[in-house]
Amino acid sequence: MPATETEVLLHALDHAYDQTSWHGPNLRGAIRGLSHVDAARRPAKGRHNVWELVLHCAYWKYTVRRRMTGEKRGSFPLEGSNFFERDAKDGAARWKADVALLDEVHRSLRAEVARFPAKEWGRRLKGSRWTYRDTVAGVAAHDLYHAGQMRLVKVLTGRA
């Protein structure tokens, strides 16, 4: 029996985030085993570190879920938007909490995708040229883009 569109989108989210994929490391695989010190290493001055990319991905998962639900802006657990500065001085406990935030935001997005009305996937988001389908597929691609970027940052900082 063919998969539903919702199942295909969930599959894409899952494999880009934490399930085995043919293409190599997914987002969670890219950060597995990193200490807060390693996650805070910058490839060059003024460039984002892995830790900041983790929070960037969490923010955009939150944003996609918020757009799907119609929830107002401002409910992300951290103050600010898009990129959040992190440094090794922030400590291991904060790194662990930020990774837990990424996991929680992913679970929340996944739950929203699972319950989203199938007939709405092709509808455009209010004020956007993108459909709900485009947005969910895009956030899965976003995870993979940044997973690759994180792997490169790890190589450039001598941690891969």
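Visitor: Buried means under 20% relative accessible area, exposed over 50%, and partly exposed in between (1.4 Å probe, protein chains only). What share of the 160 residues in the protein is buried?

Guide: The model is predicted, so-called local features need pLDDT of at least 70, side-chain atom pairs count only at pLDDT 80 or more, and totals for chains, interfaces and linings use all residues. Residues are numbered from 1 along each chain as its sequence is written, and side-chain values use heavy atoms, with hydrogens and water left out. Of the 160 residues in the protein, the buried share is 44%.

Visitor: How many helices and how many strands are there in the protein?

Guide: Both are DSSP runs numbered from the N terminus (helices H or I, at least four residues; strands E, at least two). Read along the sequence, the pattern is α-α-α-α-α-α. The counts are six helices and zero strands.

Visitor: Of the contacts between residues at least 6 apart in sequence, what percentage joins residues at least 24 apart?

Guide: A contact is a pair with heavy atoms within 4.5 Å. The C-alpha atoms of the protein fill a box of roughly 45 × 35 × 25 Å along the principal axes. Within the protein, the share of these contacts that joins residues at least 24 apart is 68%.

Visitor: Which element gives the largest share of the lining of the largest pocket?

Guide: A pocket is an open set of 1 Å grid points, over the protein atoms alone, where a 1.4 Å probe fits, with protein on both sides within 12 Å along at least five of seven lines; lining residues have an atom within 4 Å of a point. The lining consists of W60, V64, R67, L125, S128, W130, D134, T135, G138, V139 and H142. Two elements, α4 (50-69) and α6 (132-156), each give two or more of these residues. The largest share, five residues, comes from α6.

Visitor: Which residues does T135 contact, leaving aside its neighbours within four places in sequence?

Guide: T135 sits in helix α6 and belongs to the lining of the largest pocket. Its relative accessibility is 15%, so T135 counts as buried. V64, L125 and W130 also belong to that lining. With sequence neighbours left aside, the contacts of T135 are V64, L125 and W130.

Visitor: How far apart in space are Y59 and F76, C-alpha to C-alpha?

Guide: Y59 lies in helix α4, and with 12% relative accessibility Y59 counts as buried. Not counting residues up to four places away in sequence, Y59 touches F76, G80, S81, N82 and F84. Y59 and F76 are 17 residues apart in sequence, and their separation in space is 7.2 Å.

Visitor: Near what value is the phi of N82?

Guide: Most residues other than glycine have a negative phi. N82, one of the residues touched by Y59, is in the loop between α4 and α5 (92-115). Its relative accessible area is 27%, so N82 is partly exposed. The phi of N82 is positive, in a residue other than glycine, with a value near 70 degrees.

Visitor: What distance separates the C-alpha atoms of A92 and S35?

Guide: A92 belongs to helix α5, a helix that spans 92-115. With a relative accessibility of 44%, A92 counts as partly exposed. Along the chain A92 and S35 are 57 residues apart, and their C-alpha atoms are separated by 7.1 Å.
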